[in-house]
Amino acid sequence: MQQRDFKQVDVFTGQPYLGNPLAVVLDAAGLTDEQMQHFARWTNLSETTFLLPPTTSEADYRVRIMTPGGELPFAGHPTLGSCHAWLEAGGKPRARNFIVQECKKGLVTIRREPDGLAFAAPELKRTSPSPAVLAQVASALGLKASQIVAAQILDNGPAWFSLLLDSPQTVLGLTPNHLELKNLGCKVGVAARHEAGSAADLEVRAFAAAIGIPEDPVTGSLNAGLAQWLIAEGHMSARYIASQGVCLQRAGRVAIERGDDGQVWVGGQSVTCVTGSVLL
């Protein structure tokens with residue numbers, strides 16, 4: 001074991017302790033998969049990341065993303081939080097305005113924003129759920145069929161069983177049966193549009209009991225998939241703000257923008273809450 005530089009970052013917020021926390025080990029060279037997984041279970045955060053030298057000249061750094069239950073090929077808030085921590089620790093990207101992250105999903109481009117960072121949403125696979133599974137998920141969430149506007153399975157590395165619901169009040173009022181969701185083995189995202197003039201345009205919640213996280217505070221991968229789906233289907237405009245974390249006493253804000261080329265960018269602020277070292 002050795003002392004390794006460490007940061008704990010709050011993502012999708014500019015105010016500490018109102019976003020989604022991320023543990024970042026800044027130098028993970030020499031750690032085994034088992035050591036990474038053990039530490040991720042110990043932090044008990046939704047994700048813990050481990051930064052390593054890239055394996056390709058196209059990338060600035062490589063990241064391994066661990067949950068308490070296993071490794072993710074890609075995740076949004078770990079992407080922005082890891083990049084924030086890497087830059088803050090003195091990381092020097094090859095390009096002036098972009099950082100390229102290597103993860104198991106592949107290469108992810110991150111751009112500097114006037115107020116934070118934004119990642120290019122990875123390629124999305126969309127499929128329609130079977131009526132039987134949709135009924136099981138709705139039952140586990142306590143939803144009536146009339147409250148579901150649309151449903152899709154969104155896969156951009158992690159897969160999210162995603163529901164567009166009739167109102168933000170329905171989203172915020174859900175009390176899921178997490179054991180049922182865990183037994184179904186799928187992560188579930190729910191969203192609903194706010195009325196014009198609200199502080200945010202979309203209300204989002206994410207339930208991931210299948211990987212040991214009953215509810216995730218603010219979820220980049222889910223918001224990326226939702227944006228690609230909802231914008232494409234005309235449910236949302238090409239630029240909007242999503243709110244997530246209200247039921248966990250958080251105030252996450254996710255900035256969505258689809259460019260003229262069709263690329264969706266998912267952005268937000270990050271703030272470092274803990275800086276130090278860990279024995280690993």
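Asn 44 is placed in the loop between helix H1 (33–43) and strand E3 (48–52). The model is a predicted one, and in it the phi of Asn 44 is near 60°, a positive value in a residue other than glycine. Most residues other than glycine have a negative phi. Asn 44 has a relative accessibility of 58% and is therefore classed as exposed, because the cut-off for that class is over 50%.

Phe 12 counts as buried because its relative accessibility is 1%, and buried means under 20%.

The relative accessibilities are set out below.

| Residue | Relative accessibility | Class |
|---|---|---|
| Phe 12 | 1% | buried |
| Asn 44 | 58% | exposed |
| Thr 48 | 0% | buried |

Thr 48 is part of strand E3. With a relative accessible area of 0%, Thr 48 is buried. What does the side chain of Thr 48 make a polar contact with? The partner is the side chain of Thr 43, at 2.8 Å. Once neighbours within four places in sequence are set aside, the residues in contact with Thr 48 are Leu 22, Ala 23, Phe 39, Ala 40, Thr 43, Arg 64, Ile 65 and Met 66.

Key: Residues numbered from 1 in each chain as written. Predicted model: local features only at pLDDT ≥ 70, side-chain atom pairs only at ≥ 80, totals over all residues. Heavy atoms only, no water. Buried < 20%, exposed > 50% of the residue type's maximum accessible area, 1.4 Å probe, protein only. Helix = DSSP H or I, 4+ residues; strand = E, 2+ residues; numbered from the N terminus. Polar contact = N/O pair within 3.5 Å; in protein donor to acceptor, adjacent residues only side chain to side chain. Contact = heavy atoms within 4.5 Å.
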